[in-house]
Each structure stands twice: as structure tokens, then as C-alpha cells.
Amino acid sequence: MARNKNDYFKLTEEQAVYCVQASELLIEIFRDYKWEKIAEQKQSMHLLENRADDLRHNILTGLNREFITPIDQEDILRLVQIIDDVTDALDEVVQDLYMFHVEEMPDCAPALAEVVGRCVRALFEAVREVKNFKKPEKLRTLLVEVNTIESEADTVYVEAVHALFGSKSAGRILLGHKAVYDSLEHCCDLCEHAADVMEQIVIKNT
């Protein structure tokens, strides 16, 4: 296997690029939401998710052939999986819009989607810095930023659900809007989990 294909730090960075692309598409969908476009947009998002899955598979195939890696294989596996989980979660938000027939955007969802986008971008910057794990000062600052944004997402989520169930919306609408809020908040939870994985890599290797 060619040397450049074995640069696992670079490959996980490429994975995180798909997270950013998916979050940007998500924000675009939420900023100018049109129910009649959601089936097509679902396909666009799923295409990104499929490409991310292909990259994940290629990384795992390469790892299976390696004897020496820059950090433990187990740590690479954990990081690869959680980054892929973030992309999957972004895909699931759009699937929920489609599955629950969310014809009108939930009031707080665009703001929460923006927070998700910031959290994913912070995650991307952290993933780019993992290669410098032996000098982790900058990485740790970026991980704190991910955690801070995740806490902000929690606050927006709680207030959004509070407002939703204080409204007089029909049960079907409540169910769909709650599902969207849940899936958006889950994206940030996974970013926080990824930050925890990176922090554990630093602790283990320094």
C-alpha cells in the first residue's frame, strides 16, 4: 500500500471534511426550508454519507494490513468510528425531516442547526490537530471549544423542546418536530464524544 494511504491522521482529517460538508448542507436546508425539496436533499445528504462510509471502509482495510501505526490501532479505530458516526447523525437529521413529514420548519431548528455546524467545524479543527498529540496544548484548546459548543446546543435544545410542548401544535407535528430537535442535539453529543476520544488519545500517548 502506498505511503500516503497510510497517513491515518490525514485520512481521519479527510473523514472530518465529510462531516463539515454534511453540516454545511444541513444548514443550507434549514436556512431555506422547502418541504417539496426534501426528498432530493435527502439523496444529496445520503450521497455524502455513502462517500464517508467508503472512506471509513478503506481506512479499516488499510489498518487490517498494518503492523506499525503512529498510535495504537484501537485508538485509530475509535476515532475513525466516532467521526463516521457524526456524519451518519447529520444524515439522520434529514431522514427525520423526510420520515416525519416535517412540512414546516420547527421554530428553533435553524438556530440549533447553526450550532451543530459550529460544533462540527470545531471538531474538524481538532481532528486536524491530533497529529500533534505529543504537543497537545492547541488540541486541548480545540477540544474545550467542542465541549463548550455542545453545552450551548444543550441549552438551545432544552428551550426548543420547552417551547414546542408549550405550543398548541397537533400531536403529529409535535412528534416530528421533537424528532428533529433530538437528532440535531445528538449530532453535538457525538462531537463531544469524539472530543473525549481525542483527549484519551492524548493522555494515553503523552
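**Pocket lining and salt bridges: exercises**

In the largest pocket, the lining residues divide into 10 nonpolar, 5 polar and 4 charged (nonpolar: Ala, Val, Leu, Ile, Met, Phe, Trp, Tyr, Cys and Pro; charged: Asp, Glu, Lys and Arg; polar: the others, Gly among them). The model is predicted: local features need pLDDT of at least 70 and side-chain atom pairs pLDDT 80 or more, while totals for chains, interfaces and linings use all residues. Residues are numbered from 1 along each chain as its sequence is written, and side-chain values use heavy atoms, without hydrogens and water.

**Exercise 1.** State which residues lie nearest the centre of the largest pocket, and which element gives the most to its lining.

*Solution.* Step 1: a pocket is an open set of points on a 1 Å grid over the protein atoms alone, where a 1.4 Å probe fits, with protein on both sides within 12 Å along at least five of seven lines; lining residues have an atom within 4 Å of a point.
Step 2: the lining of the largest pocket holds 19 residues, and E104, P106, S169, I173 and H177 lie nearest the centre.
Step 3: two or more lining residues come from each of α5 (137-165) and α6 (171-205) (helices are DSSP runs of H or I, at least four residues, numbered from the N terminus).
Step 4: the most is given by α6, with 5 residues.

**Exercise 2.** Describe the salt bridge between E24 and R121.

*Solution.* Step 1: a search of the whole structure finds 13 salt bridges (a side-chain nitrogen of Lys or Arg within 4 Å of a carboxyl oxygen of Asp or Glu).
Step 2: in the pair E24 and R121, the closest N and O atoms are 3.5 Å apart.
Step 3: E24 belongs to helix α1 (residues 8-31) and R121 to helix α4 (residues 109-129), so that distant parts of the chain, 97 residues apart, are linked.
Step 4: E24 is partly exposed at 43% relative accessibility, and R121 is partly exposed at 36% (buried is under 20% relative accessible area, exposed over 50%, partly exposed in between, with a 1.4 Å probe and protein chains only).

**Exercise 3.** Determine whether D84 is buried or exposed, and locate its salt-bridge partner.

*Solution.* Step 1: D84 has a relative accessible area of 4% and is buried.
Step 2: the partner is R56, with the closest N and O atoms 3.9 Å apart.
Step 3: D84 lies in helix α3 (residues 73-99) and R56 in helix α2 (residues 38-64), so the pair ties together parts 28 residues apart in sequence.
Step 4: R56 counts as partly exposed, at 24%.

**Exercise 4.** Name the residues linked in a network of salt bridges.

*Solution.* The network links K10, E13, E125 and R128.
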